[in-house]
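Here's a quick briefing to read with the model open in your viewer.

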Amino acid sequence: MGGTGSTRRGFIGGAAAVAGTAALGTAALGGTAAAAPRGTPGGRTVAVLGGGVAGLTAAHELAERGFEVTVYEKKSPGGKARSMDVPGSARGGRRPLPGEHGFRFIPGFYRNLPDTLRRIPFPGNPDGCHDNLVASSEVLFSRIGHEDIRIPFRSIGKPPPVLTPDALLRALIGFFDAFGNIPAHEIAYFANRLLVWFTSCDERRLERWERVPWWDYIKAARMSPNYQRLLAIGITRNIVATKAEVASTRTVCNVTEAFLFNILGRGADGEPDRVLNAPTNEAWIDPWVAHLKSLGVTFRVGWPVRDLGIDGGRITAAVVQDPSGARHSVTADHFVSAMPVEHARTTWNAAVRAADPRLARCDDLRTDWMTGIQFYLTEPTPIVHGHINHIDSPWSLTAVGQAQYWSGRDFRADYGDGTAADCLSVDVSEWDKPGILYGKKAKDCTREEVAREVWAQLKAGFNDTGRTVLSDSKLHSWFLDPAVEIGVPRPTNDEQLLIHPVGTWFNRPDAATAIPNLFLCGDYVTTDVDLATMEGANASARAAVNALLDTVGSRAERCTVTPLYRAPELEVVKAQDAVRYRLGLRNAFDLG
């Protein structure tokens, strides 16, 4: 496995002690640059710059509407959503062990991404790749020094027929009371804070709650340690890789509201927690790429985008680099930038920014490390039928045992060398705090030390109540996302995650830019879901295609962009709150 993974022998035997590319102007290409003709405003050629979920969605929607699409992707189609082979792990005709940037999680409140999944053909599936989704039934909060908390995580059988504020408050108290070991009055207060959000008008949500940290909104500093760990920190750091002390209340409450409506059976595509029934590329990405190619989409994989050329107020070319390192100027009528924000903004040179000064706001958007590591086990270890939140782990770990969902796979027979039987996929959300094994930040560790540290933190959560869930004897090997480069003076992570401190929304761009043939998509672009998710990437791509269609005056049917569910019973209460907000009054349910 080289420097990316390790065998169990090497792991147990002892601990072993991309920077952003500057924008390159078209003139810098020298002899490799072709003269770039200006695109035709109503032309049909589109260069999609980036092949993650946003780029593939844009290509899908454009190809279905008759556009000639070329996708330029730096690494591999699927971006952060893809799965990847563990190098050198295959034996005896089996597939390599499946690795990934991080585990897939497709909740039922997603509506746009599931629509795309249904439109990707998959052999034997009437609803295409959507039929590869499998529902989990519970979630586990693993505690160190406390009893674990296991909560059913599925739609309730008989939700309240009418969501009055009183019925909603009782439902919230009942749900969060299951977290246990939190004083009843704190549960009641937390439920009240959510009720305030549910009944707040859109203006209050954006102008007030977007500017208030989640920690302050729920008064976490005044509450018990369990309240802080479970309700304040657990919801933010472990799920969206941002800190409770600075996270936007609007973002946190937006996704919490969506989950709770999902649990109540309102406006959902399926159960609250769903995963795929095979490694991501097998269940989704590879069939998607094959379908796009059948629609005429061309892929240039291993071709990163370095710069954009602009003349006369329009993008004239994208400067790309081929796998040999040579630079080329590629032309198209329209350009859809579908790269993550930290990479996209390096391609916006001074001339591009002058043409749309609003792009400069994206410089203030922040990203952080949320990166996956997989542990391959020699015995099936289905710890819980759902995701695991290691609530007390210093590195904010979340995990899921995957083989239990892969009903069409025999892990030993299909993957690796025949001795690995399961994959425990873990996301590490905190890279800047000391661990329990070496006392070092994750960024300061070697790859081997990160693996040993994460394994130690997993065992500390699972094995501290007299049972042994994980043991060294079960560990076959591990695989750490190759996007991270650590153990060097300046650690880097080429695949980071957008985070959401207060005020973030005001710096996020729309899909359409002031440059008439440049469109943006990605989870940093404004969407109803707000949170950096695959759903946000998908919805933003649909918005970008619609903006392109509007710009060229196309008669093609517009992409459907489904917003988050809004309970009709609460709209009257929100309208009343809008009046109170304009009068400078607090929400009627706000106890302060």
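Helices here are DSSP runs of H or I with at least four residues, numbered from the N terminus. With that numbering, helix 9 gives the most to the lining of the largest pocket, namely four residues. Keep in mind that this is a predicted model.

**The largest pocket**
- The largest pocket holds about 260 Å³ of space.
- Its lining is made up of 18 residues, and Asp202, Arg205, Asn254, Asp528 and Arg566 are the ones nearest the centre.
- Three helices each put at least two residues into this lining: helix 6 (202-207), helix 9 (249-263) and helix 16 (568-582).
- How do the lining residues of the largest pocket divide into nonpolar, polar and charged? There are nine nonpolar, two polar and seven charged ones.

**The second largest cavity**
- Rolling a probe the size of a water molecule over the atoms is a way to show where empty space is left.
- In the second largest cavity, that space comes to about 110 Å³.
- The residues lining the second largest cavity are Glu100, Phe103, Arg104, Val275, Leu276, Ala278, Pro279, Thr280, Val400, Gln402, Tyr405 and Trp406.
- By class, this cavity's lining splits into eight nonpolar, two polar and two charged residues.

**Overall build**
- The protein has 16 helices and 24 strands.
- Its radius of gyration is 24 Å, close to the 25 Å that the globule rule gives for 592 residues, so the protein is as compact as a globular protein of that length.
- Buried residues account for 59% of the 592 residues, with buried meaning under 20% relative accessible area.

- Five strands make an open sheet in the order 10-3-2-14-24, with parallel pairing.
- Strand 10 (298-301) and strand 24 (518-520) sit at the edges with a single partner strand each, so one side of each has no neighbour in the sheet.
- On average, neighbouring strands of this sheet are turned by 20 degrees against each other, direction ignored.
- Inside the sheet, strand 2 (residues 45-49) and strand 14 (residues 334-337) run parallel and are joined by four bridges.
- Which residue in strand 14 stands opposite Val48? That's Val336.

- Strand 11 and strand 12 (residues 314-321) run antiparallel, with six bridges between them.
- Gly309 has Ala317 of strand 12 opposite it.

- Strand 7 (residues 138-142) pairs with strand 8 in the antiparallel sense, over four bridges.
- Val139 has Ile151 in strand 8 as its bridge partner.
- Strand 8 (residues 149-152) is two-faced: Ile149 and Ile151 are on the covered face, while Arg150 and Pro152 are on the uncovered one.
- Six residues lie between the two strands of this hairpin, where Gly145 takes a positive phi near 80 degrees.

Definitions and conventions:
Residues numbered from 1 in each chain as written. Predicted model: local features only at pLDDT ≥ 70, side-chain atom pairs only at ≥ 80, totals over all residues. Heavy atoms only, no water. Pairing = 2+ DSSP bridges. 1 Å grid on protein atoms, 1.4 Å probe; cavity = no way out; pocket = protein on both sides within 12 Å on 5 of 7 lines; lining within 4 Å. Points joined across faces, edges and corners; volume = space filled by probe spheres on them. Nonpolar A, V, L, I, M, F, W, Y, C, P; charged D, E, K, R; others polar. Rg over C-alpha atoms; globule rule 2.2 N^0.38 Å. Buried < 20%, exposed > 50% of the residue type's maximum accessible area, 1.4 Å probe, protein only. Axes fitted to C-alpha atoms, helices over the stretch in contact; angles between N-to-C directions.
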